[in-house]
Amino acid sequence: MTLEGGVQYSKIAEIKGPLVVVDDVDNAAFDELVEIETSQGEKRLGKVLEVGNGKAIVQVFEGTTGLSIAGTKAKFLGKVMEMPVSKAVLGRVFDGLGRPKDGLPDPIADKFVDINGEPMNPEQREYPKDFIQTGISVIDGLMTLVRGQKLPIFSGSGMSHNLLAAQIARQASVVGKQDDFAVVFAAIGVQYSEAEYFRRSLEESGALKRSVLFLNTADDPAIERIITPRVALTVAEYLAFDLGMHVLVIMTDMTNYCEALREISAAREEVPGRKGYPGYLYTDLSTIYERAGKLRGRKGSVTQVPILSMPSDDITHPIPDLTGYITEGQIVIGRDLFRQGIYPPINILMSLSRLMKDGIGEGSTRADHSEVANQVYDAYSRAQEVRALAGIVGKSGLTEIDLKYMDVGDVFEKEFLTQAIDENRTIEETLGILWKIVSKLPKNEITKIKDKYIDQYYKEE
Amino acid sequence: MASNSSLEQAIDKILKKTEKEILLDLKNSGSDSKQTLDDSLPKLEQEYDKIISDGNKEADKIEKQIIGSSDLDVRNKKLLLLEEGVDKVFSKALDQIANTDRSGDYSNLIKTLLDEATKILGTTEVTVFTNTKDKDVVKSILSKYSGAKLSSETIDCLGGVIIKSKDGTMTFDNTIDARIERFKPLIRKEIASTFGVGN
């Protein structure tokens, strides 16, 4: 909050796409917040992208539709964009710019925080190693999420990533600890029906109480999407590092964010990079993803699950490609499984949680977790090979052991992978099903599990 | 007669055989049913445990839903009530500001507002706009700012000034209304803290 308000300039040189160029500007600062007033008195927010030679380029969050050079005024507010934060944001629904969308007044702010956040001191970062239970077997069992991790979900258009996102938001919890847990949900450029689904889903499950929703719908100006993940992460950081909560941030769909970035870049006539995205896409994405983590000496944590839809299911597309460089693994939604009607259609062979090994085992989940998960990965991979072989030689041409692996593949998909959208499985239940799958194999095929665990959990059928 | 007795004997034999078979069948069925019952008991127990655990899960879910939505309802009602209180305090304060005595220290306030505004625009060559009540106070101070001119047009505000550069391209709003608007979130916080919220 600054003492002084800003100067209003009425000399608009140009309006180009989402940008407004203001002339004869003194003392404007990079990232400064600007209030654009139309000739009809309507006010819109924007921020300074560039200053120099007496000009300021302003990016208007709510779009420039209806603005004209004559009659438009730009008021430079002398501050960067801030988000009012307090514990009272929990249970609230905001729009993509952080304004209440639930018909309630603005929350009483504890403080106002710059939405760009403060960079985490790398030396102060603590290695993530505590388990978060999502209640979804395939995630908890085979690609475990840990507190402070950034684990993206790579999906494709029309697939069930939004159902999965809502289920994670409803069910996620910290097991066996009394620590406060919160979910910050940022919907970026989603359809109105999807936004409503997220809101209703959290409301009806009683999870809204511990959640904060930021809803930027598809009909909101694309430029607002640049702000949505940042306001969401600002709130998450406050809840985590000021109030000591463990916060899970779910952002869907990051592809829409990147497209908004491309739109601004094109309007600024920057040299395009791959597929027209700006050359700084990697740097920009890292300013979002690197806001996940844990800090030494602080109680809370920020865990991120960004969701992105891969255009044409192309995992080499710049968005999933660059995301994969920054994040710690990925969960890939498979088109084939989706077509078979399996939910959640997660392709485990393409998915991986790089921090899983540190978040599971004795004291976190169960001592046998890592070994049984490895065995199931191995068996499912073999089952896929056998299925391919059966496609050529037919089932009759398979050996007895091949048939057993095929059976393992079927049981895996029907009993472990498949889960109802309101089914919340505990980690014990998940490990129980993993052992049921392993028990379909003869003991001599089990090569990744210690004998003591086989003696304890293997149940021959 | 002989044929009759042999018929009876045959019938007896058949009856006895049938009776034996029926009894054996009954005995077998009895033991089969007992076996089936014994076998199904653990399954039944498993099924029973599953139903109970599913029921408990469902009950937990419903409990969470009910508690969650009631908590939110209560919180939302509190928020609306608080906002009503804050609004009342605000409107009362605005009334008091609007009716402030324009004599004495008030001219110092106007001077401060003018100083601040001309400093931000970087020139004293400006047109000053104010409301009817402050016109005289502003007029009396304006002689100290070379090139400054009071507009004949009045504006609708609680007090203070709006200044515009001579070419009309730069405007700075330093009215009390604009200052209150800028500080509204902080003022709301202060008022809320007097109600015991947000401490």
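The model is predicted: local features need pLDDT of at least 70, side-chain atom pairs count only at pLDDT 80 or more, and totals for chains, interfaces and linings use all residues. Residues are numbered from 1 along each chain as its sequence is written, chains are lettered from A and ligands numbered from 1 in written order, and side-chain values use heavy atoms, without hydrogens and water.

Start with chain A. It is divided into domain 1 (7-79), domain 2 (83-358) and domain 3 (368-457). Such bounds come from an automatic or database domain assignment. The C-alpha centres of domain 1 of chain A and domain 2 of chain A are separated by 30 Å. In domain 1 of chain A, 11 residues are in contact with 12 residues of domain 2 of chain A. Contact means heavy atoms within 4.5 Å.

The size of an interface is often given as the accessible area lost when the parts come together. Here buried area is the accessible area (1.4 Å probe) that two parts lose on being put together, summed over both. Domain 1 of chain A and domain 2 of chain A bury about 1100 Å² between them, and carbon and sulfur atoms give 62% of it. On the domain 1 side, A:Pro18, A:Phe61 and A:Glu62 lose the most area to domain 2 of chain A, together 43% of what that side buries. Three salt bridges are found across this interface. A salt bridge is a side-chain nitrogen of Lys or Arg within 4 Å of a carboxyl oxygen of Asp or Glu. In chain A, A:Arg268 and A:Glu50 form a salt bridge, with their closest N and O atoms 2.9 Å apart.

Now look at two helices of chain A. Helices (H or I, at least four residues) and strands (E, at least two) are DSSP runs, numbered from the N terminus. Helix α7 spans residues 318-326 of chain A, and its buried residues are A:Pro318, A:Ile319, A:Pro320, A:Leu322, A:Thr323 and A:Ile326. Buried means under 20% relative accessible area, exposed over 50%, and partly exposed in between (1.4 Å probe, protein chains only). Their cover includes β14 (153-155), α5 (254-267), α6 (281-289) and β19 (301-309) of chain A.

Helix α10 (residues 369-393) of chain A holds A:Val393. This residue is partly exposed, with a relative accessible area of 43%.

Chain B comes next. Its assignment gives domain 1 (4-101 + 179-194) and domain 2 (105-175). The C-alpha centres of these two domains of chain B lie 67 Å apart. Nine residues of domain 1 of chain B are in contact with eight of domain 2 of chain B. The two bury about 600 Å², of which carbon and sulfur atoms give 49%. In domain 1 of chain B, B:Ala98, B:Arg179 and B:Arg182 lose the most area to domain 2 of chain B, together 64% of what that side buries. One salt bridge is counted between these domains of chain B. B:Glu116 and B:Arg179 meet through their side chains in a salt bridge (2.7 Å, N to O).

Finally, the chains meet. In chain B, 30 residues are in contact with 31 residues of chain A. The two chains bury about 2700 Å² between them, 60% of it on carbon and sulfur atoms. B:Thr169, B:Arg182 and B:Arg188 supply 17% of the area that chain B buries against chain A, more than any other three residues. Three salt bridges are counted between chain B and chain A. B:Asp71 forms a salt bridge with A:Lys209, with the closest N and O atoms 2.8 Å apart.
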